[in-house]
Amino acid sequence: MQNSLNTRSMIFTLYGDYIRHYGSEIWIGSLIRLLEEFGHNEQAVRAAISRMNKQGWIAARKQGNKSYYFLTERGKKRMDEAAKRIFNAQQEPWNGEWMMFTYTIPEDKRSIRDELRKELVWSGFGLLANSFWISPHAYSDQIQSMIDKYEIKDYVHSFTAVYNGPNENEKLVSECWDLNDINEKYNQFIVTYSQKYVIDKNKIEKGEMTDGECFVERTKLVHEYRKFLFIDPGLPKELLHAEWLGDHAASLFSDYYRALAGPASRFFESIYSYGNDLKKDSEFDALDHPLIQENR
């Protein structure tokens with residue numbers, strides 16, 4: 001599962017798991033130093049951060065001869081949404097309603113369609129028919145945000161409904177998402193990280209794993225696990241089959257994350273403290289992450 005780690009994607013991971021808890025801002029020098037741990041050079045980091053700046057995820061400010069990059073409101077919102085989905089697998093019982101979203105975007109705005117599709121997939125919507133998306137979650141805020149962002153109010157419709165057949169809700173699920181494929185990816189994650197968790201936990205308990213090594217492994221763990229944000233729609237338990245491995249993967253992730261959290265945060269702070277004010281959120285404790293819940 002360990003593919004080459006894309007620089008821009010790794011920066012997103014660092015902002016989401018670390019930097020957003022320290023004022024959402026970092027000096028470029030500290031970011032370059034942190035990414036050296038994963039083999040990324042200064043040129044790659046500067047190119048990636050520039051691209052993220054142009055895309056509106058982060059913004060820059062100068063202080064003397066130093067450049068600092070901080071999350072924009074859009075970036076913060078995306079990080080918060082991602083964190084809730086990564087760290088909080090608990091869900092309320094499903095009320096049986098589907099949210100539906102459909103659009104007819106004219107050809108002169110066709111470039112918007114691809115971006116909109118990506119946003120809908122990331123938010124957990126499934127494509128039931130051409131330009132017709134559904135979700136078992138009431139994602140009204142996300143939909144409104146997309147409408148405002150792309151200025152497509154005149155071309156879309158959104159509503160909720162109960163499926164009346166002639167088949168079962170599971171038929172809708174099978175037409176929108178390949179749960180077997182997603183489950184196999186969860187199985188691969190479990191196979192890989194179950195062994196790593198046991199080995200690293202033992203090393204940490206014996207003092208045989210450095211803070212830097214824990215930082216690298218925690219970041220890779222989050223980086224790998226957050227890929228499920230792009231493929232798992234987060235369906236309620238009522239729509240999942242008995243062999244679903246998502247909960248098992250979430251428990252493994254939480255346990256492994258906790259084992260690495262303390263030493264990894266110490267290493268991050270040791271690098272971050274040079275060139276940055278250590279303005280850590282008072283409510284954040286990596287050893288007891290507020291968004292992690294027991295999934296058993």
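1. The buried residues of helix α2 pack against α1, β1 (25-27), α3 (42-54), β3 (66-71), α9 and α10. In this helix, I28, S30, L31, I32, L34 and L35 are the residues that are buried. Buried here stands for under 20% relative accessible area, exposed for over 50%, and partly exposed for what lies in between (1.4 Å probe, protein chains only). Helices (H or I, at least four residues) and strands (E, at least two) are DSSP runs numbered from the N terminus.

2. This is a predicted model, in which local features need pLDDT of at least 70 and side-chain atom pairs count only at pLDDT 80 or more, while totals for chains, interfaces and linings use all residues. Residues are numbered from 1 along each chain as its sequence is written, and side-chain values use heavy atoms, with hydrogens and water left out.

3. S30 and T210, by comparison, are 180 residues apart in sequence, and their C-alpha atoms are 19 Å apart in space.

4. The largest nonpolar core has 65 residues, and those with the most contacts inside it are I11, Y15, L31, W98, F189 and F215. Helix α10 (residues 246-272) gives the most to this core, namely 13 residues. A core of this kind is a set of buried Ala, Val, Leu, Ile, Met, Phe, Trp, Tyr and Cys residues joined through side-chain atoms within 4.5 Å. Apart from this one there is a second, separate core of 16 residues, which includes I105, Y139, Y150 and V156.

5. F215, which is among the residues with the most contacts inside the largest nonpolar core, is in contact with L14, Y18, L34, E37, F38, A264, F267 and F268 when its neighbours within four places in sequence are left aside. E217 is found in helix α9 (residues 211-225), and although glutamate counts as a charged residue, E217 is buried, with a relative accessible area of 16%. Leaving out residues up to four places away in sequence, E217 touches K196, D200, M209, Y256 and L260.

6. G246 lies in helix α10 and, at 6% relative accessibility, counts as buried. Beyond the residues up to four places away in sequence, G246 touches N183 and Y186. G246 and N183 are 63 residues apart along the chain, yet their C-alpha atoms are separated by 7.1 Å.

7. The second largest pocket holds about 670 Å³ of space. Of the 28 residues that line this pocket, the closest to its centre are F12, W57, R78, W122 and F230. Helices α1 (7-17), α4 (73-87), α5 (110-122) and α6 (140-150) each supply at least two lining residues, and the largest share, 7 residues, comes from α4. By class, the lining has 13 nonpolar, 4 polar and 11 charged residues; Ala, Val, Leu, Ile, Met, Phe, Trp, Tyr, Cys and Pro count as nonpolar, Asp, Glu, Lys and Arg as charged, and the others, Gly among them, as polar. On a 1 Å grid over the protein atoms alone, a pocket is an open set of points with protein on both sides within 12 Å along at least five of seven lines, a cavity is a set where a 1.4 Å probe fits but cannot get out, and lining residues have an atom within 4 Å of a point. Points are joined across faces, edges and corners, and a volume is the space filled by probe spheres set on them.

8. The peptide bond from G165 to P166 is cis, with omega near 15 degrees, and P166 sits in the loop between β7 (156-162) and α7 (169-176). S131 has a positive phi near 60 degrees although it is a residue other than glycine, and its place is in the loop between β5 (126-129) and β6 (132-135). E151, also not a glycine, has a positive phi of about 55 degrees and lies in the loop between α6 and β7. Are these two residues buried or exposed? S131 is buried, with a relative accessible area of 16%, whereas E151 is exposed, with 64%.

Conventions: Contact means heavy atoms within 4.5 Å.
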